[in-house]
Amino acid sequence: MSRDGRRLVVAAAILDSLRSPTMMLCARRSAPAALAGKWELPGGKVEPEEDAESALHRELVEELGVEVRLGPVVPASDGGDWPILDHLVMRVWLAELATGSPEPLEDHDELAWVPRERLPELDWLEPDRPIVAALQAATA
Ligand SMILES: Nc1nc2c([nH]c(=O)n2[C@H]2C[C@H](O)[C@@H](COP(=O)(O)OP(=O)(O)OP(=O)(O)O)O2)c(=O)[nH]1
């Protein structure tokens with residue numbers, strides 16, 4: 001749960017390098033129908049009794065088959081989690097690959113390494129647009 005009791009979604013902005021980022025791994029949703037075709041950050045809902053970072057590592061293994069090193073969280077302008085679809089909130093970490101090569105194993109039909117300056121060109125899930133802007137700023 002987030003601090004205000006809303007269900008928490010966790011996601012990773014996986015960079016080619018945490019130290020000197022130039023590209024970010026973006027994922028195109030394949031389901032449900034209402035969200036299919038839109039780009040997002042890989043991740044998913046935190047299960048009850050699960051801590052946020054463990055949930056993120058679990059989701060990245062399930063969805064992409066990778067393990068990552070986490071960098072800092074990129075907060076919303078109020079310092080907290082980002083409001084997203086379905087009255088959920090999302091916490092976003094910068095990250096870099098530790099092991100594995102990302103494959104669209106589950107929930108996505110395409111993955112793309114996108115140069116950070118081109119990130120706004122993708123057809124993002126609407127709530128992700130301000131997050132993408134913050135990620136560009138955080139990786140400048
Ligand atoms: N993973 C992810 N979800 C996002 C992003 N932006 C955004 O609005 N969402 C929304 C879409 C969904 O309503 C929700 C995440 O749900 P999900 O379907 O990915 O979660 P999950 O893998 O745990 O699946 P389930 O338990 O619902 O079956 O958050 C994003 O960048 N990444």
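I call a residue buried if 20 or more other C-beta atoms lie within 10 Å of its own, exposed if 12 or fewer, and partly exposed in between, with C-beta atoms placed from the backbone. Helices (H or I, at least four residues) and strands (E, at least two) are DSSP runs, numbered from the N terminus.

**Entry 1: the model.** This is a predicted model, in which local features need pLDDT of at least 70, side-chain atom pairs count only at pLDDT 80 or more, and totals for chains, interfaces and linings use all residues. Residues are numbered from 1 along each chain as its sequence is written. I looked up the confidence next. The chain averages a pLDDT (the predictor's confidence in each residue, from 0 to 100) of 96. I note that 97% of the residues score at least 70. For the complex, the predictor gives an ipTM of 0.96 and a pTM of 0.96.

**Entry 2: helix H2.** I listed the buried residues of H2 (residues 128–138): Asp128, Ile131, Val132 and Leu135. They lie on the same side of H2, because they cover an arc of only 100 degrees around the axis. The arc is taken over the directions from the helix axis to the C-beta atoms. On the face turned away from the buried side of H2, I found the exposed residues Ala133 and Ala137.

**Entry 3: helix H1.** I checked the length of H1 (residues 52–64). Its 13 residues should span 18 Å at 1.5 Å a residue, and its end C-alpha atoms are 18 Å apart, which agrees. The expected span is 1.5 Å times one less than the number of residues. Buried in H1 are Leu56, Glu59, Leu60, Glu63 and Leu64. Seen down the axis, these fall within an arc of 100 degrees, so they line one face of H1.

Entry 4: I looked at the 17 residues around the ligand (C-beta atom, placed from the backbone, within 6 Å). Glu40, Gly44, Lys45, Ile84 and Leu85 come nearest. Two or more residues of the shell come from each of strand E1 (8–15) and strand E4 (43–45). E4 gives the most, with 3 residues.

**Entry 5: Trp93.** I found Trp93 in strand E7 (residues 89–99). Trp93 is buried, with 21 other C-beta atoms within 10 Å. Its C-alpha atom is separated by 6.0 Å from that of Ala13, 80 residues apart along the chain.

**Entry 6: the record.** In UniProt, an unreviewed entry places "domain: Nudix hydrolase" at residues 5–139. Such annotations may be inferred rather than shown by experiment. Over residues 5–139, I read 18% helix and 36% strand. The end C-alpha atoms there are 30 Å apart.
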